[in-house]
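Here are a few exercises on how the pieces of a fold pack together. Have a go at each task before you read the solution.

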Amino acid sequence: MKAIVLRKHGNPGVLSFKKIANPKPKKGHVIVKVSCCAVNHLDIWVRKGIPGKKITFPHILGCDICGSLKQGFGNFRKGAKVVVYPVLENPDPLLPSTMIGGFSNYNGGYAELIQVPKSNIVKKPNWFSDIEACALNVSYLTVWNMLEKCQCQKGDWILIWGANGGVGSAAILFAKAMQLKVIAVTSNAKKISKSKKIGADVVIDRNKSNVVTQVLKHTKKQGVNAVIDHVGAKTWPLSIQVLKEGGRLVVCGQTSGPKAIVDVPTVYSKELEILGTYMGTKSQLIKMHKFMRTKKIRPIIDSIFSLRDASFAHKRMESNNHFGKIVLKM
Ligand SMILES: NC(=O)c1ccc[n+]([C@@H]2O[C@H](COP(=O)([O-])OP(=O)(O)OC[C@H]3O[C@@H](n4cnc5c(N)ncnc54)[C@H](OP(=O)(O)O)[C@@H]3O)[C@@H](O)[C@H]2O)c1
């Protein structure tokens, strides 16, 4: 099969397009013929390497997968269209779960074929194309989980960082469908106009305005009920500042760095809640598919690259010029 093989950590140049042996079926697993795989920031972390996180080389990236089954099992027939739920439970309860194609020993979907546990197979909703369905298993699922954790009510204010990214754009779509008032933050005029187009009520250019001042202006000095933060070190202090009493900081990432400075008195005196989110459950994924159908929400696709051009897809994500999901097509 053809695959993008990672033999060492490094820049996008380490992503090499190769012909390698097909995976051999093993007990409890099934082979999926991959049709497309969305790119996530996780792929970039794994490609570059993170101190303390180990993978075995050669490794294949890709955790956001849609395809068809090479063999049938249970209620699934051979050839059935499926998506792959990417989370692998860690047997040690003190350690976080891992991801197929991420920091785990499971190869991912930057390949024509992938072997995954049968328990990770989910029927592909027929109201989405393969490209759309592959884009939902990671950032969309995480956002769904984050919004459940926010417990926002109709009319509440929510602040969403990185409006153009996979997580940010999904959060705008879902928050609007839940009738929340959305303040989105992004970094240039083109992204501002697209953020408004997909429903943000207010969009702040973080390069031109003071985010805290703008949030207070638009919420009439009340602050927001919740913040969707996937940026980490750079944004946590601001997120905490703009939350109203009893507000929720819901976090899933650390794009700008892992160590944030937190003003502890602000957290307890405003009775804030800080809630971590790691993906979501398989049943949340299915619930989210149905919600998207009911609300007629389609994922935002920025661009589609062929598998052999995975390095260009990574460069696009790292250039931060994308808006929505970047997808690799086999
Ligand atoms: N915990 C989980 O289960 C989970 C699941 C999915 C993703 N994540 C994490 O969530 C993060 C986002 O993922 P993604 O796939 O959406 O990535 P992405 O598409 O690359 O989006 C990243 C966004 O971060 C914003 N950003 C970068 N530096 C910033 C800064 N200094 N201040 C404010 N905004 C900044 C950028 O927006 P602008 O420059 O336009 O403002 C960009 O849109 C990643 O760290 C990823 O690992 C975690």
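Angles under 35 degrees count as roughly parallel, over 145 as roughly antiparallel, 65 to 115 as roughly perpendicular and the rest as oblique. This is a predicted model, where local features need pLDDT of at least 70, side-chain atom pairs count only at pLDDT 80 or more, and totals for chains, interfaces and linings use all residues. Residues are numbered from 1 along each chain as its sequence is written, and side-chain values use heavy atoms, with hydrogens and water left out.

**Exercise 1.** Work out how α3 and α4 pack.

Step 1: α3 covers residues 136-150 and α4 covers residues 166-177; their axes (lines fitted to C-alpha atoms over the stretch in contact, angles running from 0 to 180 degrees between N-to-C directions) are 9 Å apart at an angle of about 50 degrees.
Step 2: α3 and α4 are therefore oblique to each other.
Step 3: For the contact (heavy atoms within 4.5 Å), α3 brings S139, Y140, V143, W144 and L147, while the α4 side includes G166, V167 and F174.
Step 4: Sorted by class, that α3–α4 contact has 10 nonpolar, two polar and no charged residues.

**Exercise 2.** Describe how domain 1 and domain 2 are placed.

Step 1: By an automatic or database domain assignment, domain 1 is 2-135 + 299-329 and domain 2 is 139-276.
Step 2: Their C-alpha centres lie 28 Å apart.
Step 3: The contact takes 12 residues from domain 1 and 17 residues from domain 2.

Note on methods: Helices (H or I, at least four residues) and strands (E, at least two) are DSSP runs, numbered from the N terminus. Ala, Val, Leu, Ile, Met, Phe, Trp, Tyr, Cys and Pro count as nonpolar, Asp, Glu, Lys and Arg as charged, and the others, Gly among them, as polar.
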